[in-house]
Amino acid sequence: MGLRQEQLGGHMAAAVTGLDLNDQLDEPTQATLIEALHTNLVLCIRGQSLAPVPFRNAMARFGTPMLRKQLAQTTECAEVNIISSEDRDELGDGRKLVNGASWHTDDSFMRAPCSLTMLYGVVVPSSGGDTQFINMYAAYDDLPAETRARIDKLKVVHKYESSRRTGRVAKRPKAEMAAMPEAIHPLVRTHPETGRKALYLNPNRMEQVAGLDRVESDKLLDALIAHAIQPKYQYRHVWQQGDVVIWDNRCTMHKANADYPAGERRLMHRVIVAGTEPF
Ligand code: SIN
């Protein structure tokens, strides 16, 4: 059975079928997947059945898997994190925590944020639990020329617990927080592989635009977020059991939805791969 590709959203996202990520993919197939990801920003590989180690190994063909302690890790493989309907804010108030429930790009509180995230639908609810994505190239391209000229060289301070955050973030131990100092990133980043410019926003992690006072900074960030989250830039992924969805954090934002029927389980395994400092 050969590789088949179909378009999912109008302006982003594609799905491929006809491959098993447990197998060693040949070079042309791997190159096709990377090309499809660069063109579509979000790539879904359907119909997988992957234990944590093979999942990690398959994702290592896209980059170097990284450890993240902010999420639970599988016992079989520390680089495979768990995102589950059972997640709780263990070190905080102990309440249920929906990881990634508001718009974000992964890891922007790090100096060199991960480039790609891979999420594997291990248990998918009967309805709901979709992941939404935003095309940040399109959001940037559509800005008026004078806005692009104004923001092109601006930089933004990002931190794990930004004072602007609207969504809940899990409490982390003091030592871990100390290892996550502020990071300063461009507001418009150039994708190192496609050469395209994208708005680089993370509503939950951005603290302030460098060089602007707080009021001016908040006004600009709020306006850019409101622009970027318009439905016309969005794609909504409805999960099928066995989907592996790969997205490019350098040109997208995403968010999880916890709107599935009460009592149903949603279990995802996640791998992220290393990125470079944004420029
Ligand atoms: C995430 O933000 O990485 C999780 C997305 C999801 O669970 O749909």
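**Notebook: salt bridges, a helix and a sheet**

I looked up Asp107 first: Asp107 is buried, at a relative accessible area of 6%. I use buried for under 20% relative accessible area, exposed for over 50%, and partly exposed for anything in between, with a 1.4 Å probe and protein chains only.

The model is a predicted one, so I note that local features need pLDDT of at least 70 and side-chain atom pairs count only at pLDDT 80 or more, while totals for chains, interfaces and linings use all residues. Residues are numbered from 1 along each chain as its sequence is written, and side-chain values use heavy atoms, with hydrogens and water left out.

**Salt bridges**

I count a salt bridge when a side-chain nitrogen of Lys or Arg lies within 4 Å of a carboxyl oxygen of Asp or Glu. Side chains of opposite charge can pair when their charged atoms come close. The structure holds 17 salt bridges.

I found Asp107 joined to Arg68 by a salt bridge, 2.9 Å from N to O. Arg68 sits in the loop between α2 (52-59) and β4 (72-73) and Asp107 in the loop between β5 (81-84) and β6, so this pair ties together parts 39 residues apart in sequence. Helices (H or I, at least four residues) and strands (E, at least two) are DSSP runs, numbered from the N terminus. Arg68 is buried as well, with a relative accessible area of 8%.

I next looked at Asp152 and Lys197, whose side chains meet in a salt bridge at 3.1 Å, N to O. Asp152 is in the loop between α4 (145-151) and β8 (155-158), and Lys197 is in strand β11 (residues 197-199), so that distant parts of the chain are linked, 45 residues apart. Asp152 is partly exposed at 21% relative accessible area, and Lys197 is partly exposed at 33%.

I then checked Arg250, which forms a salt bridge with Glu193 at 3.1 Å, N to O. Arg250 lies in the loop between β14 and β15 (252-256) and Glu193 in the loop between β10 (188-190) and β11, so the pair ties together parts 57 residues apart in sequence. Arg250 counts as buried, at 7% relative accessibility.

I also noted a network of salt bridges that links Arg164, Glu207, Arg214, Asp218 and Asp222.

**Helix α1**

The 14 residues should span 20 Å, and the end C-alpha atoms are 20 Å apart, which agrees. Its buried residues are Gln30, Leu33, Ala36, Leu37, His38 and Asn40. I listed what they pack against: β1 (4-7), β2 (14-17), β3 (42-45), β6 (116-123) and β14 (244-248). Contact here means heavy atoms within 4.5 Å. Just after α1, Leu41 has a positive phi of about 70°.

**Strand pairing**

I take two strands as paired if DSSP finds at least two bridges between them. β1 and β2 pair in the antiparallel sense over four bridges, with Arg4 opposite Thr17 in β2. They form a hairpin with six residues between them, and Ala13 in the turn has a positive phi of about 85°.

I traced an open sheet of three strands, in the order β13-β7-β15, with antiparallel pairing. β13 (234-237) and β15 are the edge strands, each pairing on one side only. The twist averages 20° from one strand to the next. Strand β7 (residues 131-135) pairs with β13 over four bridges, and Ile134 stands opposite Gln234 in β13.

How values were computed:
The expected span of a helix is 1.5 Å times one less than its number of residues. Axes are lines fitted to C-alpha atoms, for helices over the stretch in contact, and angles run from 0 to 180 degrees between N-to-C directions.
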